[in-house]
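Me: Can you walk me through some labels on this model? I'd like to see the cut-offs behind them.

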Amino acid sequence: MNYKLLYIPFLALLWSCGNSPQKDAEITSDTLSYSVKKYENHSKTCVKEDSLCATVKFEYPEFESADLNKAIQKELFNLFHDDYDSTNLAPVDFNELAKGFIVDYEEKLQEGKDFVNKANEKNEGGFLANPWYMEGYNKVQRQTEKYLMLHTNTNWFMGGAHPISMEYYYVYDRKTFKKVTLDDVFQKGFDQKLLTIAEAKFRKQENLKPADKLTEENGYFFENGKFLLNDNFMLTEKGIKFLYNVYEIKPYAAGLTELEIPYEDLKGIMK
């Protein structure tokens, strides 16, 4: 199984941490109440802190509405699902997601051990492998009269040069529980106007001149050097904030890139 971020549960634990909202959430007079849930699962070889094993951890808000919870968890599961493989169905719950990850780890670990044995190598250091982990932390970032906004942080390691961390914003309509898109926020025909405003803001933020190309030679991964916005955004008190993850528009070493456009600059195109 491959994961975009990148089942027999052995030791699963699910518990509640109370009903108090996150400290950094903006609370309105009609806020949606929730409790914070935690999920943890790991392979049976996790007997101590430095064990060679696979670990899965999630933390997420649980609301009174089952429909809202389902929508939120579906987005979270999709982050770890390879949607390019049509034969690989998206997981329906945390146990199923964890089981696939743990089984993959144990299979890869066994393949490595088998290779060393068949090669008949002494390999004084033993079979070199590292623990795998998958983590997702989903918290309420902000609530307004119209919107519920979540911030999701994912971390995982499945071998390779380094771990990968990604962040995602989600905006939900508080009445319909549907995920809000840019089309819901802006007036019809906004696309090019928003791009022009956003690119000017981006170039100023990056200290780029109008003629500077957004190409790999200058450290950017925009396709054909053309500036683009993604759908990873949230609505702050000051403006609309877009977030680009590692490898999305810059090399890994550059980290995350945030681009916040003040509402003042968006007058005339927002609903």
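**Labels and cut-offs**

Reply: Phe221, Tyr247 and Tyr252 make a nonpolar surface patch of about 270 Å². This is a predicted model, where local features need pLDDT of at least 70, side-chain atom pairs count only at pLDDT 80 or more, and totals for chains, interfaces and linings use all residues. Residues are numbered from 1 along each chain as its sequence is written, and side-chain values use heavy atoms, with hydrogens and water left out.

Me: Why is Tyr247 called partly exposed?

Reply: Buried means under 20% relative accessible area, exposed over 50%, and partly exposed lies in between (1.4 Å probe, protein chains only). Tyr247 has 43%, so partly exposed it is. You'll find Tyr247 in the loop between strand E8 (239-244) and strand E9 (257-262); strands are DSSP runs of at least two residues (E), helices of at least four (H or I), numbered from the N terminus.

Me: What makes Ile72 count as buried?

Reply: Its relative accessibility is 3%, so Ile72 counts as buried. Ile72 is found in helix H1 (residues 66-79). Leaving aside neighbours within four places in sequence, Ile72 is in contact (heavy atoms within 4.5 Å) with Phe63, Asn138, Leu150 and Tyr172.

Me: How do you know that the span of helix H4 agrees with what it should be?

Reply: The expected span is 1.5 Å times one less than the number of residues. For the 15 residues of H4 (residues 191-205) that should be 21 Å, and the end C-alpha atoms are 21 Å apart, so it agrees.

Me: Which residues of H4 are buried?

Reply: Leu194, Leu195, Ala198, Phe202 and Arg203.

Notes
Patch = residues over 30% accessible without salt bridge, like charges linked within 9 Å, V, L, I, M, F, W, Y side chains within 5 Å. Areas by Shrake-Rupley, 256 points an atom, 1.4 Å probe, with all protein chains shown as cover. Salt bridge = Lys/Arg side-chain N within 4 Å of Asp/Glu carboxyl O.
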